[in-house]
Amino acid sequence: MAVTAELAERTPRRPPWLHAYSTMTRWDLAGLRLQLPLIVVVQILAGVGFVLGIGLFFDRIPAPVALYVSTGVVVLNLTLVGLIVGPQITADQKFAGTYEYLRALPVPATAAALAWFSVALIASLPAAVVSLVVAELRYAISFSITPSIVPAVLLTAFTGTMLGYALSHAIDDPMRTRLIAQMLVFFVFGFSPILYPASQQPPWLATISWWLPFEHMATIVRAGLTTGIVSGIGTSYLNVAIWGLVATALSARALARRP
Amino acid sequence: MDPNGDGSFRAEGVTKVFNGSLRANDAITLHVEPGEVYGLLGPNGAGKSTLVKQVIGLLKPTEGRITLGPFDLVEDPAVARQLCSYLPQAQMPIESFKTREAIRLTGRIRGGDGATVDRRTDELIEALDLLEWRDVVGAKLSGGVKRLVGFSMVSVWPGRVVILDEPTNDVDPLRRRLLWDEVRRLGEWGSAVFLVTHNVMEAEKSVDRLAIIADGRLIAEGTPSSLKAQDRSFLRLQLMLVPGAETPALPPFVSHHTRVGHNLVTTIGQTDASHAIGWAQEQIGIGVAEEYALGATTLEDVYIRLTGHVSSDDGEG
């Protein structure tokens, strides 16, 4: 029978992983089409704002300080989309009732996660570059860029995105996800030693910071853009990688969960 | 695994208990053959969505099996997602997608090859009369058009099971007809189509068989005519009451009644027809009712009798 023949032709074939990844990346990009330009502009304004703002506080900014601040700004640019925009989008999907539709698509969780990571990276990189260029022009500094900037940027953006991903999927209540993501951003911007050294924090806060990934993200990114101003790079890579893995494991567990 | 070798969808004794006590699904057993359009009817909270979520692998049954041909959908949720396409009751997240792009991309995500998906996308856009919105983004579409785009996204590369949750919501009557033609075509492709709805009138016209679910249990199953057959010795007497009128005292031959707005629907025995007409005319005479209609019972009446609920679009026709 014709119907049976059609049916046989459509015996489920799992599409190749790369196909799932590329189609989901296109899906995420198209889904953000209206917001993406705005996100990039806001990111640039935030990054450039930090870089130029610091110059308004003091008469003279020594070159090491300018280097320190501007390399920290790169970390803010790299983590903002993954940490706050991601959870916001998922919370909106849960409120609108479309979250389950997306979960029911035949896409491996790893492909969907990496697709979102790629899009978050695309939305973050322009601002990071612009912030550095503006810092160079404003403070007459020069960065010594080494190849280690590539793994540092990728790992920082990955861990930031996966932390946001875990908040999105491991917490059922979208209201709570939204709240925690926003609090986290305040904490990262205000109380994490990204733009300033941890030694300027009270010891107890410095201890907390040391266990969290944000200070270490700044260390590895700084190591790729400067020479001689950071140490303990290996430990920092380890810390950020472990946080990335933990966040990925939490997301994977949440996405595989069937209550 | 597939004893009948027919590729049918089977739910066997599916039970879902939440929080240790709430039985959202209670031993639901049903089967749907390839090509069949099967209605899942029931009031809100009856357990329809819970059943659907177990089929597509978002919830795990407490007990029971769900299979499609040789595939165990409970054991392997990844295969379940591959085999089932799902149109949720909520609108699709396509605010920034152009119509054609949304349909095409979903087809590709579902694993369809580029050329076939392109052809099928254009076919659906034409069949559902969506040409004028082909390159318009979702944010600019009306609810009904968005619904049709959602349906197209689900059926561009359909699974062997296609689950449509209230597919005709907000869709105008003309395009509803086009949509039903496309649902039929899914059947011809060999998909088993689940139509989840509480619009009984529409289901009666469009399904091959249906199940009525209430309080988590499957309380009736069959073709629309076989379900109505049980009520064949009854008639439906409908009274349009004067606005503001109280429900009049009902004569003893009325076996069942419901009131929605000014509309009083009663069920009477066939042999009481002449008494019923007399009573209805009397109600008009004393100014309680404006008009009446007497006819064969509909699936709606069966539904009301079984569930005690009135379906959503009652009175809309």
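Reader: Is the crossing of H2(A) and H6(A) right-handed or left-handed?

Author: Right-handed, for H2(A) and H6(A). Bear in mind that this is a predicted model.

Reader: And at roughly what angle do the axes of those two helices, H2 and H6 of chain A, cross?

Author: Roughly 45°, with the axes of H2 (residues 17-31) and H6 (residues 109-139) of chain A coming within 8 Å.

Reader: Which residues of H2(A) and H6(A) make the contact?

Author: On H2(A), they include A:Trp17, A:Tyr21, A:Met24 and A:Asp28. H6(A) contributes, among others, A:Ala111, A:Leu114, A:Trp116 and A:Val119. By type, the contact of H2(A) with H6(A) has eleven nonpolar residues, two polar and one charged.

Reader: Switching to the interface: how many residues of chain B are in contact with chain A?

Author: 32 from chain B, against 30 of chain A. Helices H2 (77-83) and H3 (99-109) of chain B are the elements giving two or more residues to that side. H2(B) has the largest share, five residues.

Reader: How do the residues on chain B's side divide into nonpolar, polar and charged?

Author: There are 16 nonpolar, eight polar and eight charged on the side of chain B that touches chain A.

Reader: What about H1(B), buried or exposed?

Author: Eight of the eight residues of H1 (residues 48-55) of chain B are buried, so that helix is largely enclosed by the rest of the structure. The buried ones include B:Lys48 and B:Lys53.

Reader: Which residue takes a positive phi just after H1(B)?

Author: B:Gly57, with a phi of about 80°.

Technical notes:
Residues numbered from 1 in each chain as written. Chains lettered and ligands numbered in written order. Predicted model: local features only at pLDDT ≥ 70, side-chain atom pairs only at ≥ 80, totals over all residues. Axes fitted to C-alpha atoms, helices over the stretch in contact; angles between N-to-C directions. Helix = DSSP H or I, 4+ residues; strand = E, 2+ residues; numbered from the N terminus. Left-handed = near helix turned anticlockwise from the far one by under 90°. Contact = placed C-beta atoms within 7 Å. Nonpolar A, V, L, I, M, F, W, Y, C, P; charged D, E, K, R; others polar. Buried ≥ 20, exposed ≤ 12 C-beta atoms within 10 Å, placed from the backbone.
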